[in-house]
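Subject: Model for you to look at

Hi,

Here is the structure I promised to pass on. Please open it next to this email, and my notes follow below.

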Amino acid sequence: MDAYIVPLTVLVVSILLTFTSSKIRGVLGNALRALGYGLLIYYAVALWNIGAIDDFSLVLSIASAVAGLIVGFYADTYASLFGYDEMLPTQINLFATLLVVGFASPNILVLASAWTLAEIAAYLLIRTGEEHSYEGSLTSSKGFIFTSTLTTEISVFTAIVVSIYIAATTLAPSNLLKSFGELSSNPMPISSLIIPLLLLGFVTKMALVPLHFWLPGAHSSAPAPASALLSGVATQLGFYGLYRILSMFQLGKQLESVALLIATMGLASVFYAALQISSKRDGKILLAYSTIATNGFTAIIFAIALTRSEFTPLFLLAMLMHMAYKTTLFAEMGLVEYVYGTRYIHRLAQVAKSLRVSSIGGVLAVFSLLGVPGTLGFSVKALSIFAVITGMLSEGLNPLLAEALIGTVAYILSSIMVGLRFLRIYSPSAQPVLPPEKTVDTVAQLPVAVLGLTNLFLGLTQAVYSLDPLLLVLTAASPLTVLVALITWSYLATGRVMKVVH
């Protein structure tokens with residue numbers, strides 16, 4: 001336990017700093033927040049150094065901390081613009097911290113504790129958004145607490161109860177405090193009757209069909225900073241949790257069946273979300289359904305990774321892709337809603353002229369959705385097609401790989417659909433469009449622009465720790481993609497192509 005003293009001390013100081021930063025305005029408050037999140041990253045690195053967490057956890061912890069930091073800055077401005085109580089930034093920072101702790105969980109007890117607290121924080125954020133809205137309906141927050149939260153608790157605490165029972169029968173209660181790495185190297189036996197309970201909560205948290213119904217209302221009702229974290233980061237904690245829980249138990253021959261079930265639900269989610277995306281006009285609702293589509297695709301990659309460990313880096317990269325583009329676009333939609341007084345994007349165009357700085361981030365996120373080389377979206381889609389086809393050539397056609405190929409192609413098409421819908425709001429239009437009602441200063445738009453850069457460089461986090469040469473090569477195109485994005489932005493924002501000085 002002595003090895004945990006330094007990480008725990010760092011975590012406590014980090015929480016105190018981020019909490020204090022929300023109460024202090026100006027440069028000092030921003031500096032305290034940055035220091036708090038920096039210590040949060042150090043907390044994860046400290047756990048990694050003592051072997052309590054592995055590279056998988058470390059990469060997700062760093063990525064979620066980066067997203068939390070930027071969204072935390074964004075929350076300050078958002079709360080001021082929309083007249084929220086000053087507690088909103090504090091709630092956002094607390095929620096982000098709990099998500100990072102969840103990804104950096106060394107064992108199941110820490111995961112369960114962080115998860116439970118994060119779910120409570122998420123419920124309060126959704127309720128805050130509903131109470132602040134004109135409608136005042138509280139149905140989305142209730143749906144969240146009774147579906148996503150309670151089913152997750154069932155799955156997590158089922159795993160804990162089973163672990164306690166097995167530990168007691170083997171006279172080794174310390175098993176419950178062992179790291180996930182240790183447990184996965186010596187997994188525990190489990191009855192097939194328990195597996196559905198283990199899957200229930202995590203599949204609900206991932207919003208896979210048919211357990212998806214709670215997500216569109218909950219994620220669209222929350223304030224934009226909360227929506228960014230809920231959709232971009234919290235749903236990925238569902239994948240992480242299931243990945244860890246399943247590694248604890250001996251599934252044997254049932255592993256293939258579990259993988260096929262998850263892949264089938266993922267495939268259904270991609271097709272269902274694609275149908276919904278084609279008819280939605282509310283920008284936040286559209287992004288919520290794109291979360292279901294992306295999570296469906298990630299579920300397919302995860303299913304293959306369960307039976308083929310070489311797919312695990314790709315599974316991780318898909319999670320990073322979702323974090324990057326979804327946090328960016330939800331944050332951008334918050335500013336769009338403020339400036340134009342609406343979330344209905346079918347009547348919007350030339351947004352880049354009103355939001356000249358944040359639109360840089362929006363364009364980069366759209367590039368990732370469209371699969372422009374140099375973005376995370378391109379890396380994930382290209383590597384997925386390559387890996388699945390390579391698997392088919394070596395193993396032959398089987399149901400899992402067939403679903404993966406169909407699902408990947410369907411996801412690529414649906415993400416292009418979403419990308420084009422959002423690109424249209426930045427583009428010039430010959431049709432009458434809504435004029436802007438308000439303005440947002442440059443400083444307030446900066447967090448969204450920075451979030452956009454994560455769509456290019458977040459993959460470097462994995463590339464550095466995995467030393468994957470192919471991923472490093474794919475990421476090397478990122479600087480050129482930034483230049484292309486700036487040229488595109490300059491045309492959308494000013495009607496002129498930016499001159500490049502040679």
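A residue is called buried here if its relative accessible area is under 20%, exposed if over 50%, and partly exposed in between, with a 1.4 Å probe and protein chains only. Please keep in mind that this is a predicted model, in which local features need pLDDT of at least 70, side-chain atom pairs count only at pLDDT 80 or more, and totals for chains, interfaces and linings use all residues. Residues are numbered from 1 along each chain as its sequence is written, and side-chain values use heavy atoms, with hydrogens and water left out.

**The chain as a whole**

The chain has 502 residues, of which 59% count as buried. For contacts, the rule is heavy atoms within 4.5 Å. Among the contacts in the chain with a separation of 6 or more, 79% are between residues 24 or more positions apart.

**A buried asparagine**

Asn 93 sits in helix H4 (residues 87-103). With a relative accessibility of 1%, Asn 93 counts as buried. Which residues is Asn 93 in contact with, leaving aside its neighbours within four places in sequence? They are Thr 18, Ser 21, Ser 22, Arg 33, Tyr 37 and Gly 72.

**Helices H5 and H10**

Next, a helix pair to look at. Helix H5 (residues 108-132) packs against helix H10 (residues 224-247) at an angle of about 155 degrees, and their axes are 12 Å apart. The axes are lines fitted to C-alpha atoms, for helices over the stretch in contact, and the angles run from 0 to 180 degrees between N-to-C directions. H5 and H10 are therefore roughly antiparallel to each other; angles over 145 degrees get that label, those under 35 count as roughly parallel, 65 to 115 as roughly perpendicular, and the rest as oblique.

The H5 side of the contact consists of Ile 108, Leu 111, Trp 115, Ala 122, Leu 125 and Ile 126, while H10 brings Ala 226, Leu 230, Leu 237, Gly 238, Tyr 240, Gly 241 and Ile 245. By class, the residues of the contact of H5 with H10 are 11 nonpolar, two polar and no charged. In that scheme Ala, Val, Leu, Ile, Met, Phe, Trp, Tyr, Cys and Pro are nonpolar, Asp, Glu, Lys and Arg are charged, and the others, Gly among them, are polar.

**Salt bridges**

How many salt bridges does the rule give? The count comes to four, where a salt bridge is a side-chain nitrogen of Lys or Arg within 4 Å of a carboxyl oxygen of Asp or Glu. Here are some of them.

- Arg 244 pairs with Asp 54, their closest N and O atoms being 2.6 Å apart. This pair links distant parts of the chain, 190 residues apart: Arg 244 is in helix H10, and Asp 54 is in the loop between helix H2 (26-49) and helix H3 (55-82). Arg 244 is buried at 5% relative accessibility, whereas Asp 54 is partly exposed at 31%.
- Arg 343 and Asp 282 form a salt bridge at 2.8 Å, N to O. Arg 343 lies in the loop between helix H13 (312-340) and helix H14 (351-354), and Asp 282, 61 residues apart from it, lies in the loop between helix H11 (254-277) and helix H12 (283-307). Arg 343 counts as buried at 19%, and Asp 282 is buried at 11%.
- Arg 308 meets Glu 395 in a salt bridge, also described by an N to O distance of 2.8 Å. Arg 308 is in the loop between H12 and H13, and Glu 395 is in helix H16 (residues 376-395), 87 residues apart. Arg 308 is buried, with a relative accessible area of 10%, and Glu 395 is partly exposed, with 42%.

**Backbone points to check**

Most residues other than glycine have a negative phi, and most peptide bonds are trans. The peptide bond from Val 209 to Pro 210 is cis, with omega near 10 degrees, and Pro 210 is in the loop between helix H8 (195-205) and helix H9 (215-221). Ala 207 is found in the loop between H8 and H9 and has a positive phi of about 60 degrees; Ala 207 is buried, with a relative accessible area of 0%. Gln 350, in the loop between H13 and H14, has a positive phi of about 60 degrees although it is not a glycine, and counts as partly exposed at 26% relative accessibility.

Best wishes

Note on methods:
Helix = DSSP H or I, 4+ residues; strand = E, 2+ residues; numbered from the N terminus.
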